[in-house]
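Welcome, and please open your viewer. We will go from stop to stop, selecting a few residues each time.

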Amino acid sequence: MKTFQDFLQNWPAQRRAEAVEKATEEQVFSVLNKNNLQPEDFLTLLSPAASPHLERMARRAHELTLRFFGRAVHIFTPLYISDVCTNQCRYCGFNAKNKQPRHHLSVDEAAAEARAIADLGFQHILLLTGDARHLSSPQYIADVARRIKPLFASVGIEVYSLTTDEYALLVDAGVDSMTMFQETYNPELYAWLHPAGPKRDYAFRLNAPQRAAEAGMRSMGVGALLGLESFEQDAFATGLHGWWLQRNYPGMDVSVSIPRICPHEGSFDVPHALDDRHLVQYVTALRCFLPRAGITCSSRESAFMRDHLLPLGVTRVSAGVSTAVGGRVTEDAHNPGQFEITDGRSLDEMTAALRGMGYQPVLKDWENPASAC
């Protein structure tokens with residue numbers, strides 16, 4: 001079977017740029033009247049020609065969101081279990097060159113943190129680590145997942161790229177979802193952003209979601225870190241990735257994350273900062289292109305922005321977030337976290353806000369049939 005990397009070669013950067021530049025207002029209107037969009041239609045909605053028509057795009061996106069998701073909004077929270085990392089990603093607070101305190105939880109400590117999270121009412125948890133196989137090995141992640149699985153309906157991972165067998169190990173331990181940020185789909189820019197460390201392998205990371213799907217993962221999330229590359233290039237490639245996964249793995253739940261780069265430990269000048277208007281254009285275009293895909297908006301965004309993106313297509317949000325390792329039950333190492341969050345609402349505050357806007361907070365939307373027997 002061909003990979004997404006093979007498929008992406010059909011859409012080189014020059015082809016994307018030319019399509020965006022040539023898009024017209026008439027094409028935008030035509031696309032918004034279609035029921036099933038193709039990749040070239042998605043590019044049209046990301047183009048400057050579509051920008052003056054965000055209200056029309058928003059109406060269409062809102063209609064599709066209500067049709068396929070109603071007013072349900074899924075809530076999850078992350079648990080960072082290690083920030084020890086061997087990569088030197090220029091934009092990341094976990095960069096191995098950053099001289100900050102590092103913390104790696106034992107399995108017992110991770111379980112204690114997870115129990116504190118479960119006691120708050122969370123049912124979906126996302127495990128995150130730095131890229132340091134000598135400490136945060138696949139077996140270590142599996143051991144943590146197996147220990148905490150009885151506490152949650154869903155355990156997901158957002159970790160470094162794994163092999164098919166390693167993903168299968170995690171599935172066997174109770175992990176049912178994975179999120180993989182490609183960061184940027186531009187291979188030359190990717191190489192510059194990742195000067196050292198195992199993450200430097202662009203292709204291995206790009207094809208990780210496919211390996212996870214083949215290992216039996218139930219749910220998949222993809223995303224680019226918005227601000228590293230020009231808006232149209234990475235926004236299109238991310239949506240195309242989700243589109244390709246839906247068509248090649250139709251039984252799998254696919255979602256797209258929309259993170260904008262945030263301040264973090266160290267220094268990095270954002271080359272293509274994404275303004276609010278372009279973020280709205282991206283969300284509405286995504287919803288029109290992928291009407292059945294989840295769209296995740298994390299606490300990188302403000303409460304105001306997240307609340308206003310819900311009617312336009314966002315279906316998954318985080319709450320009670322800390323991007324640092326430990327601190328709930330285990331000793332707080334006073335590390336600064338991977339990045340700064342903007343929306344600090346707790347689970348209770350988030351559910352109250354959602355209900356106040358007429359939405360239904362969803363803490364549990366899936367249960368492994370085997371565990372229910």
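What covers the buried residues of helix 8? Among the elements that do so are helix 7 (138-148), strand 3 (154-158), strand 4 (175-183) and helix 11 (208-214).

Before you click further, know that this is a predicted model, in which local features need pLDDT of at least 70, side-chain atom pairs count only at pLDDT 80 or more, and totals for chains, interfaces and linings use all residues. Residues are numbered from 1 along each chain as its sequence is written, and side-chain values use heavy atoms, with hydrogens and water left out.

**Stop 1: helix 8**

Select residues 164-172, which form helix 8. Helices (H or I, at least four residues) and strands (E, at least two) are DSSP runs, numbered from the N terminus. Colour Glu166, Tyr167 and Leu170, the buried residues of this helix. They lie on the same side of helix 8, because they cover an arc of only 100° around the axis; the arc is that of the directions from the helix axis to the C-beta atoms. An α-helix has 3.6 residues a turn, so residues three or four places apart point the same way. Now turn to the face directed away from the buried side, where you will find the exposed residues Asp165 and Asp172. Buried means under 20% relative accessible area, exposed over 50%, and partly exposed in between (1.4 Å probe, protein chains only). Just after the helix, click on Gly174, which has a positive phi of about 110°.

**Stop 2: helix 4 and its cover**

Next, select residues 39-46, helix 4. Seven of its eight residues are buried, so helix 4 is largely enclosed by the rest of the structure. Those to highlight are Pro39, Asp41, Phe42, Leu43, Thr44, Leu45 and Leu46. Their cover includes helix 2 (13-22), helix 3 (25-32), helix 5, helix 12 (231-248) and helix 13.

Axes are lines fitted to C-alpha atoms, for helices over the stretch in contact, and angles run from 0 to 180 degrees between N-to-C directions. On the helix 4 side, Pro39, Phe42, Leu45 and Leu46 make the contact, with Gln281, Tyr282, Ala285, Leu286, Cys288 and Phe289 on helix 13. Contact means heavy atoms within 4.5 Å.

**Stop 3: helix 5 against helix 13**

Now show helix 5 (residues 54-69) beside helix 13 (residues 276-289), whose axes come within 8 Å and cross at roughly 45°. This pair is therefore oblique. Among the residues that meet here are Leu54, Met57 and Ala58 in helix 5, and Arg277, Val280 and Gln281 in helix 13.

**Stop 4: helix 6 and Ala114**

Finally, select Ala114, which is found in helix 6 (residues 107-119). Is this residue buried or exposed? At 0% relative accessibility, Ala114 counts as buried. Leaving aside residues up to four places away in sequence, Ala114 touches Leu79, Ile125, Ile148, Leu151 and Phe152. Draw a line from Ala114 to Val329: they are 215 residues apart in sequence, and 9.2 Å apart in space, C-alpha to C-alpha.

Technical notes
Parallel < 35°, antiparallel > 145°, perpendicular 65-115°, else oblique.
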